[in-house]
Amino acid sequence: MASRIEDYGMIGDLRTAALVDAHGSIDWLCLPRFDSPACFAALLGDEEHGSWRLGPATGERCTRRRYRGDTLILETEWDTPDGSVRVSDAMPPRDGAADLVRVVEGLTGSVPMRTVMRLRFGYGRVEPWLRRRGTDLAAIAGPDAAWLDADVPLTLQDGAASADFTVAAGERVAFTLIHELSHLDRPRPPDPQRALAHTEAFWNDWIGGLRYEGEWDDAVRRSLITLKALAYEPTGGIAAAATTSLPEDLGGVRNWDYRFCWLRDAAFVLQSLLGTGFMDEAAAWRQWLLRAAAGDPAELQIMYGLDGRHWLPEHDLHWLPGYEGSAPVRVGNAASGQFQLDVWGETLDALHLARAAEIEPDESAWDLQLALLRFLERHWADPDDGLWEIRGARRHFVHSKVMAWAAFDRAVQAVERFGLSGPVERWRELRDRVHAEVCERGFDADRGTFTQFYGSKGLDAALLLLPQVGFLPWDDPRVVGTVEAVQEELTRDGFLLRYDVTADGGVDGLPGDEGVFVACTFWLVDALQGIGRGREARELFERLLGVRNDLGLLSEELDPVTGRHLGNTPQAYSHVGLVNAARHLSGAHPAEEPHAVRPARETDERE
Ligand SMILES: OC[C@H]1O[C@H](O[C@H]2O[C@H](CO)[C@@H](O)[C@H](O)[C@H]2O)[C@H](O)[C@@H](O)[C@@H]1O
C-alpha cells in the first residue's frame with residue numbers, strides 16, 4: 001500500500017520527477033518525461049505496480065530527512081540499533097538519458113541494508129525482461145529499457161532485483177538507474193558522486209538568481225525550487241503537478257491527471273517567478289505559449305501537453321486500483337476540451353506582465369494577443385466551465401467574466417503604456433461593459449457579496465481574486481463584503497474550500513465531496529491582508545506553513561480534520577500561493593503588480 005501523500009518527497013531532473021516516501025521507497029516515476037507512462041506506479045496500486053525500496057533491512061520509517069540545502073537532493077537518514085545510515089537520492093539535470101542516483105552512506109556502526117526494485121513499465125502493467133550483466137541489470141520491454149548499476153551483487157527473482165548488504169561508517173554503496181528507449185544503445189552510467197555534485201551545483205547556481213528580501217525565506221525558496229522542478233526544461237512548459245489521480249476525495253472519483261501545462265496555472269507560476277527575479281523561466285514559458293497557442297484563437301485550449309501538444313484524451317487505467325482505492329486512475333484530461341473563459345484573461349495578463357518586466361520583446365506575442373482579443377470580443381458573454389473545470393452545466397461564472405474584463409483592460413494598457421496598436425476605443429467600451437454587467441448580475445446586494453455565477457446562491461474562492469486583478473479596489477465595500485462572506489461560508493476547520501460542492505444543487509456535476517483547497521486558502525491570506533486584517537492574514541499564513549510536509553511540500557488539497565494531504569502533489573498552484581502570500585505579507589511588491597495586495601488601509605493589528 002502506498003504511503004500517505006504527505007510522506008512523499010520529490011526529486012527531479014527538470015523533465016520528470018520521482019516520489020520517495022519516508023521508508024526510502026520510490027513509488028512514482030514516469031520516464032522519460034512527467035507525462036510518460038510510469039515505471040514505478042505503486043503510488044496508485046501496490047509494489048507489484050513498480051517501486052524501488054532502499055533502506056535498512058528492518059524496513060522502518062526514517063528518523064529524519066531533508067533536502068541538501070537549496071537543492072533537490074533528498075537525504076533520508078535512519079538511526080538504528082546497529083548504527084546510522086543516510087541515503088541520498090537525486091536525479092541530475094540532464095541533456096540525454098534519465099538517471100536516478102541513490103547513494104548509501106554509513107554514518108555510524110554497521111547497518112544491514114536491503115534494496116528491492118520492481119520495474120514495471122506502462123504504468124505498472126508491463127513486467128520487463130531482466131538480465132544480469134556482472135553486478136548490473138538490464139530491464140527491457142517494448143519501447144523502454146533501463147539499466148541498474150549497483151556496487152553490490154543483485155539477485156533476480158520473481159521479476160524483482162534485490163540485494164542485501166551491510167554498510168559501515170564511512171562506506172558508500174551506490175546505485176544508478178538509467179533509462180533510454182530500447183532501440184538505442186545503453187547510455188554511459190554517470191559516476192554517482194559526480195552526479196550528486198553536479199546536481200548540487202546546478203541548484204545552488206539556480207537559486208542564486210533569487211531576488212527576495214521578505215520573510216519566510218526558507219519556505220519561499222523551497223516552493224520556488226519545487227516550481228522550477230515542475231517546469232519541463234526542453235520546452236518551457238510548466239506541469240501543474242508531478243502526479244495523476246491522487247484523490248481530492250479519498251476513495252472517490254475526483255482523480256485527475258495534472259501532468260500537463262494549464263495556461264492558468266502557468267500564468268500564476270509566472271507571476272511568482274517574475275516577482276522573485278527568475279526572468280529566464282518566464283521568457284521560456286512565453287515562448288512555449290507562443291508555440292502551443294499558435295493557430296486559430298478559437299482553438300485555444302486551457303491546457304496543453306508539455307511539448308505543446310493539443311490532444312490529451314482522457315482514459316482510465318483499469319489495472320491500477322487507485323490510491324487507497326480511489327478509482328478510476330485517469331491519464332489525459334477531458335478538461336482540455338472545456339471552454340474556460342478566464343484563461344484568455346490570465347494568458348493576456350501574463351503576456352502583459354512579461355512585457356512590463358521587460359522580457360525581451362517578441363513580435364508574435366502581440367499578434368497572439370490580438371487574435372485572442374478578437375475571439376474574446378465575440379465570446380466573452382458566453383457561459384463557460386469556469387476555472388474549477390466543472391463537469392456540470394456551463395454558467396456565467398463571475399470570475400470568468402472578471403478575467404474577460406482583465407483581458408480588455410490589459411489590451412487598453414498595452415496601447416496606452418506600451419504604444420502598441422489596436423482598436424483601443426472598442427476595448428475600452430468592452431472593458432466598461434463587462435464591468436457593469438458583472439456588478440449588476442454577479443453581485444448579490446442583499447448579502448453584500450459577489451456570487452459564484454450570475455444568480456447563484458453559492459460562493460467561490462476565486463472571487464477573492466477580483467481586487468488582485470484590479471477589478472475593484474481593496475477598500476470597495478463590495479470587495480470587503482465578498483471577502484467576509486467567502487471566509488464565513490467556505491471556511492472548514494480553519495482552511496478554505498474552493499466552493500461548496502452542494503451549492504446550487506451540485507454545481508460541479510460530480511459525486512462525492514472534497515478537501516479544503518490549499519491555493520484558495522493562500523488567496524484568503526492575500527484578501528485578509530488586502531482589506532486590512534493583517535494579523536489574521538499572518539495567522540492563517542502560519543497555519544498554512546504548518547501543513548506543509550516535513551520537506552516543505554504541498555499537495556492540492558487537505559483534509560482539515562486529519563491534516564492529510566489530498567490531491568496531486570506537489571502542486572504548482574499551492575506553491576505559487578505560498579510564494580505570493582509571503583511576498584504580499586512582507587510588503588514586497590514588484591513595480592509591475594499594480595493591484596497586488598497593497599492594503600488600502602494600514603494593517604493596524606500587525607504589531
Ligand atoms: O475538480 C475538478 C477538476 O479538477 C482539476 O482541475 C483543477 O486543477 C487544475 C490544475 O491545477 C486547475 O487549473 C483547476 O483550477 C482545478 O480545478 C482537473 O484537472 C479537472 O479535470 C477536473 O475537472
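**View 1. Contacts of A461 in the predicted model**. Neighbours within four places in sequence are left aside here. Beyond those, A461 is in contact with V486, L490, L496, R498, Y499, F517, C520 and W523.

**View 2. The largest nonpolar core**. Helix 8, residues 398–418, supplies the largest share of the core, 10 residues. Both domain 1 (5–205) and domain 2 (209–606) contribute, each with at least three residues. In soluble globular proteins, nonpolar side chains tend to be buried together.

**View 3. The two domains of the protein chain**. The chain is divided into domain 1, residues 5–205, and domain 2, residues 209–606. Their C-alpha centres lie 34 Å apart. Where the domains touch, 27 residues of domain 1 are in contact with 33 residues of domain 2.

**View 4. The side of domain 1 that touches domain 2**. Strand 1 (9–12), strand 2 (17–20), strand 6 (64–67) and helix 1 (121–124) each supply at least two residues of this side. Strand 1 gives the most, with three residues. Sorted by class, this side of domain 1 has 15 nonpolar, five polar and seven charged residues.

**View 5. The shell around the ligand**. The ligand is surrounded by 14 residues, and the closest are A240, W256, A335, W388 and E389. By class, the shell divides into eight nonpolar residues, five charged and one polar.

Definitions and conventions. Residues numbered from 1 in each chain as written. Predicted model: local features only at pLDDT ≥ 70, side-chain atom pairs only at ≥ 80, totals over all residues. Near = placed C-beta within 6 Å. Nonpolar A, V, L, I, M, F, W, Y, C, P; charged D, E, K, R; others polar. Core = buried A, V, L, I, M, F, W, Y, C linked by C-beta atoms within 7 Å. Buried ≥ 20, exposed ≤ 12 C-beta atoms within 10 Å, placed from the backbone. Helix = DSSP H or I, 4+ residues; strand = E, 2+ residues; numbered from the N terminus. Domains from an automatic or database assignment. Contact = placed C-beta atoms within 7 Å.
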